[in-house]
Structures are given as C-alpha cells and as structure tokens.
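Q: Could you walk me through how to read a structure like this one, feature by feature?

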Amino acid sequence: MKKCTDCNIEKSLTEYTYDKSRDRNLSKCRKCMAVRTEAYRQKNKDKWRESSQKHNKKYKQLIFEWKSEGCKKCGESRPHLIDAHHINSADKSFSVGTTMRGLEITKEELKKCVPICSNCHRDFHHQE
C-alpha cells in the first residue's frame, strides 16, 4: 500500500505506474497522473501539438520506407496499396498502420511482417 501525494488516499501498488529508470513506483496514482497530464496538455496545447506532429511524421516515414519495398508476391510498388502481413499470426501484437505505437515497438512489429499488396493479402487470407 502506498499513499498518493496528490489525493492523499492510500492505494495498492498496482494503482501506481512503475518507473524503470528509477526502479520504483511513482508518488502519484494513475488517476491523479491522468488529471495532471490532461491539465498540462490543455495549458501547453501548441507545444503538445508540435510534439505530436513531429512524432507522427517520424512514424509515417518509418511505415512509408517499409512499404516502399513493394509487394513480395506480385511486385506492386505503390505504397498506399501495401499491407503488413504477419508471417505468424500468433506473434502479432497489434495491427501496423492502424494502431500508433512507439517507433521502436513498431520497428519490432514490422520485423514480424512482410509487405504485400491489399489484393494479395486478401487472396492469402481467403485461401486459409
């Protein structure tokens, strides 16, 4: 049990985010941190928007570069038609391109995939 420094309510350790860099739980519970984060976002909208746009640009560039390899089955090269097909569906953590995650997490997920065009992708799953 731990007492939150914002709401002063004693809660179990599962209610606190674990900080790996400091090897301890944060002093504020998840709910209080969410309130603080939202207040910060509202107060610093321009800074937050700029940071998000910068991240989004890097994420889209990563995906675009990966898709530029083209379809491994038919050779289609237009990036907007390329899907990420997971080689082993059991290893799939999330859908690349529809769920935005961190750059490193996305890179790791792309290693589990092959680029194929949407038509070949649908053919592949239809044959299963």
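Q: Where does Ala 34 lie?

A: Helices are DSSP runs of H or I of at least four residues, and strands are runs of E of at least two, numbered from the N terminus. Ala 34 lies in helix H1, which covers residues 30-43. This is a predicted model, in which local features need pLDDT of at least 70, side-chain atom pairs count only at pLDDT 80 or more, and totals for chains, interfaces and linings use all residues. Residues are numbered from 1 along each chain as its sequence is written, and side-chain values use heavy atoms, leaving out hydrogens and water.

Q: Is Ala 34 buried, exposed or partly exposed?

A: Buried means under 20% relative accessible area, exposed means over 50%, and partly exposed is in between, with a 1.4 Å probe and protein chains only. Ala 34 counts as partly exposed because its relative accessibility is 45%. Its C-alpha atom is separated by 38 Å from that of Leu 81, 47 residues apart along the chain.

Q: How do the elements of the chain run?

A: Read them from the N terminus on: β-β-β-β-α-α-β-α-β-α. That gives four helices and six strands.

Q: What does the radius of gyration say about the chain?

A: The value is taken over C-alpha atoms, and the globule rule is 2.2 Å times the number of residues to the power 0.38. A compact globule of 128 residues would come out near 14 Å, but this chain has 21 Å. Along its principal axes, the C-alpha trace spans about 60 × 35 × 25 Å. As for burial, 24% of the 128 residues count as buried.

Q: What span does helix H2 reach?

A: The expected span is 1.5 Å times one less than the number of residues. H2 (residues 45-67) has 23 residues and reaches 32 Å from its first C-alpha to its last, close to the expected 33 Å.

Q: Which residues of H2 are buried, and against what do they pack?

A: An α-helix has 3.6 residues a turn, so residues three or four places apart point the same way. In H2, Tyr 59, Leu 62, Ile 63 and Trp 66 are buried. The buried residues of H2 pack against strand S5 (82-86), helix H3 (103-110) and strand S6 (113-117).

Q: Why does Glu 109 count as buried?

A: Check the accessibility, then look at the neighbours. Glu 109, in helix H3, counts as buried because its relative accessibility is 2%. Contact means heavy atoms within 4.5 Å. Leaving aside neighbours within four places in sequence, Glu 109 is in contact with His 86, Asp 91, Lys 92, Ser 93, Phe 94 and Val 96.

Q: What does Glu 10 touch?

A: Not counting residues up to four places away in sequence, Glu 10 touches Met 1, Lys 2 and Lys 3. Glu 10 has its place in strand S2. The C-alpha atoms of Glu 10 and Val 96 are separated by 39 Å, and these residues are 86 apart along the chain.

Q: What is phi of Asn 8, and where does this residue lie?

A: Phi of Asn 8 is near 60°, a positive value in a residue other than glycine. Asn 8 lies in the loop between strand S1 (2-3) and strand S2 (10-11), and it is exposed, with a relative accessible area of 51%.

Q: And what is phi of Asp 23?

A: Phi of Asp 23 is near 55°, a positive value in a residue other than glycine. Asp 23 is found in the loop between strand S3 (16-19) and strand S4 (24-29), and it counts as exposed at 58% relative accessibility.
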